[in-house]
Amino acid sequence: MKKFLAALLALVMALSLAACGGGGDTTEPADDGADDGASGEKVAINVIAAEYGKQTKQWWADFQDEFNGAYENIDLTVEVISWNDIATVVNTRVSNNAAPDILNIDVFADYVSDDLLRPIQTFVSDETYAKFYPAFLEQSNIDGTIWAIPDLASARAMYYNKDILEAAGAEVPTTWAELRTACEKIKAYDANIYPWGVDMTTDEGQACFAYYAWTNGGDFLDASGNWTLNSPENVEAVEYIVGLAKDGLTNSDPATQTRYDLQELFAAGKLAMMIGPNQISSYVASTENPINFGIGSLPANEGKSTSSVGVMDRFMVFDNEDTDNKVEAIKTFFDFFYDDARYSDWVIMEDFLPATSTGGEIMAAADPAAASWIEIVGSAKFYPTAQARWADVKQGVINVEQQALQGGNVQELLDALQAQIAG
């Protein structure tokens with residue numbers, strides 16, 4: 001799929017250049033010295049961006065060079081930081097009154113609660129703002145104000161190795177009971193193969209909590225928007241997945257092995273099943289000897305509904321006493337980034353899903369599989385990131401999982417977390 005999308009992207013870029021020759025691309029600087037969005041004194045913009053993969057740093061380095069070459073009155077600096085460190089780095093700089101102008105990360109509500117952000121529409125042109133899926137924008141809505149725009153998205157599904165399941169005499173699981181049975185059959189077939197992949201690290205531990213809570217009728221919040229972290233459904237969910245790990249039916253160390261480690265194990269035929277994002281398909285296809293795999297819904301507890309998990313990251317703008325020129329310069333940055341050809345290149349590079357309707361149209365036209373994933377993420381459940389305590393909850397459920405792996409009582413751990421968050 002990735003090669004096909006890249007070919008389509010080349011066509012889109014060629015058409016974009018042709019349009020630019022006719023004056024149709026408003027995101028590119030004019031050749032006649034007209035205002036580029038930051039006229040007068042040179043305006044500095046600094047961006048902190050999350051590192052999504054091995055290609056992220058180079059992509060942003062090229063973007064920075066291209067942008068600065070195009071806009072002489074703007075000095076753009078982009079710093080790429082790993083997901084493991086970005087929250088700590090940003091919070092430290094905020095404490096030192098050195099917040100970035102633009103931040104690319106998943107959380108935002110704590111920054112809003114602390115009066116650190118500006119409403120995002122101030123910094124985005126009408127043309128660019130109109131491209132975003134409304135449902136994605138709503139994920140950043142607090143009391144009627146949109147505080148961030150979506151960067152990209154991904155969805156989760158269950159991946160399974162068809163050959164391993166067949167050899168072990170196991171069926172593709174659709175329920176928790178069937179999943180445990182399949183894991184036991186795979187372990188009996190070959191003790192050197194991990195039956196089920198679990199990531200309880202700081203990278204994806206909150207996703208792990210969501211997978212099993214949501215497929216057990218649980219949730220982070222109740223219908224009234226109150227935290228319900230220690231609900232019976234959530235307790236049962238954590239006990240279930242920790243039980244699989246303790247019984248040796250998962251990878252060896254869920255507290256340290258990230259989904260990237262699991263992805264490599266899966267592609268190498270050393271892991272039979274895992275939950276993961278759409279990028280895994282392309283990763284497996286790129287290996288020397290691709291495995292024979294299938295994709296299915298997340299297994300749910302008996303009588304409960306399955307649920308896909310959607311993940312969306314964001315751009316937000318900090319309140320740094322911006323001048324009019326600074327506001328226009330940031331608008332220029334977003335116009336440049338969300339140019340259809342350039343944005344499609346960004347999304348395709350790391351095999352994510354687009355957050356704009358125009359990007360979705362490009363990918364859906366290129367490949368039916370991409371269209372299916374776009375539909376999945378459009379109907380998926382998302383983390384409650386608009387809640388001011390989400391960052392604490394995210395780390396809290398990860399701590400609960402890791403402590404439960406070490407023998408902690410799940411009910412007591414979630415009770416303590418609920419008390420900490422809700423009082």
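Q: Leaving aside its neighbours within four places in sequence, which residues is alanine 355 in contact with?
A: In this predicted model, alanine 355 sits in the loop between α14 and α15. Setting aside the neighbours within four places in sequence, the residues in contact with alanine 355 are Lys131, Phe132, Tyr133, Phe136, Pro150, Asp151, Leu152 and Tyr343.

Q: Does alanine 355 count as buried or exposed, and at what relative accessibility?
A: Residues under 20% relative accessible area count as buried, and those over 50% as exposed. Because the relative accessibility of alanine 355 is 0%, this residue counts as buried.

Q: What distance separates the C-alpha atoms of alanine 355 and tyrosine 338?
A: Along the chain, alanine 355 and tyrosine 338 are 17 residues apart.

Q: How is α2 oriented relative to α14, roughly parallel or roughly antiparallel?
A: The axes of helix α2, residues 56–70, and helix α14, residues 340–349, come within 11 Å and cross at roughly 165°. Angles over 145 degrees count as roughly antiparallel. Therefore α2 is, relative to α14, roughly antiparallel.

Q: Is the crossing of α2 and α14 left-handed or right-handed, and which residues of α14 make the contact?
A: The crossing of these two helices, α2 and α14, is right-handed. On the side of α2 the contact is made by Thr56, Trp59, Trp60, Phe63 and Glu66, and on the side of α14 by Arg342, Asp345, Trp346 and Met349.

Q: How do the residues of the contact of α2 with α14 divide into nonpolar, polar and charged?
A: The contact draws on residues of both helices, including Trp59 of α2 and Asp345 of α14. Taken together, the residues of this contact of α2 with α14 divide into five nonpolar, one polar and three charged.

Q: How is α9 oriented relative to α17, roughly parallel or roughly perpendicular?
A: Helix α9, residues 205–214, and helix α17, residues 390–405, have their axes 8 Å apart and pack at an angle of about 80°. In their contact, Gly205, Gln206, Cys208 and Phe209 of α9 meet Trp390, Lys394, Val397, Ile398 and Glu401 of α17, and these residues divide into five nonpolar, two polar and two charged. Because angles of 65 to 115 degrees count as roughly perpendicular, the orientation of α9 relative to α17 is roughly perpendicular.

Q: Which residues of β10 are buried on each side?
A: Strand β10, residues 309–317, is mostly covered, with nine of its nine residues buried. In a regular strand the side chains alternate between the two faces of the sheet. In β10 the buried residues are Val309, Val311, Asp313, Phe315 and Val317 on one side, and on the other Gly310, Met312, Arg314 and Met316.

Q: In β10, which residue is the bridge partner of isoleucine 149?
A: Strand β6, residues 149–161, runs antiparallel to β10 and is joined to it by six bridges. Strand β3, residues 102–105, also pairs with β10 in the antiparallel sense, over four bridges, and there asparagine 104 stands opposite phenylalanine 315. For isoleucine 149, the bridge partner in β10 is phenylalanine 315.

Q: What is the phi of aspartate 143?
A: Most residues other than glycine have a negative phi. Aspartate 143 lies in the loop between β4 and β5, and because its relative accessibility is 79%, aspartate 143 counts as exposed. Although aspartate 143 is not a glycine, its phi is positive, at about 55°.

Definitions and conventions
Residues are numbered from 1 along each chain as its sequence is written. This is a predicted model: local features need pLDDT of at least 70, side-chain atom pairs count only at pLDDT 80 or more; totals for chains, interfaces and linings use all residues. Side-chain values use heavy atoms; hydrogens and water are left out. Axes are lines fitted to C-alpha atoms, for helices over the stretch in contact, and angles run from 0 to 180 degrees between N-to-C directions. Angles under 35 degrees count as roughly parallel, over 145 as roughly antiparallel, 65 to 115 as roughly perpendicular and the rest as oblique. A crossing is left-handed if the near helix is turned anticlockwise from the far one by less than a right angle, and right-handed if clockwise. Contact means heavy atoms within 4.5 Å. Ala, Val, Leu, Ile, Met, Phe, Trp, Tyr, Cys and Pro count as nonpolar, Asp, Glu, Lys and Arg as charged, and the others, Gly among them, as polar. Buried means under 20% relative accessible area, exposed over 50%, partly exposed in between (1.4 Å probe, protein chains only). Two strands pair if DSSP finds at least two bridges between them.
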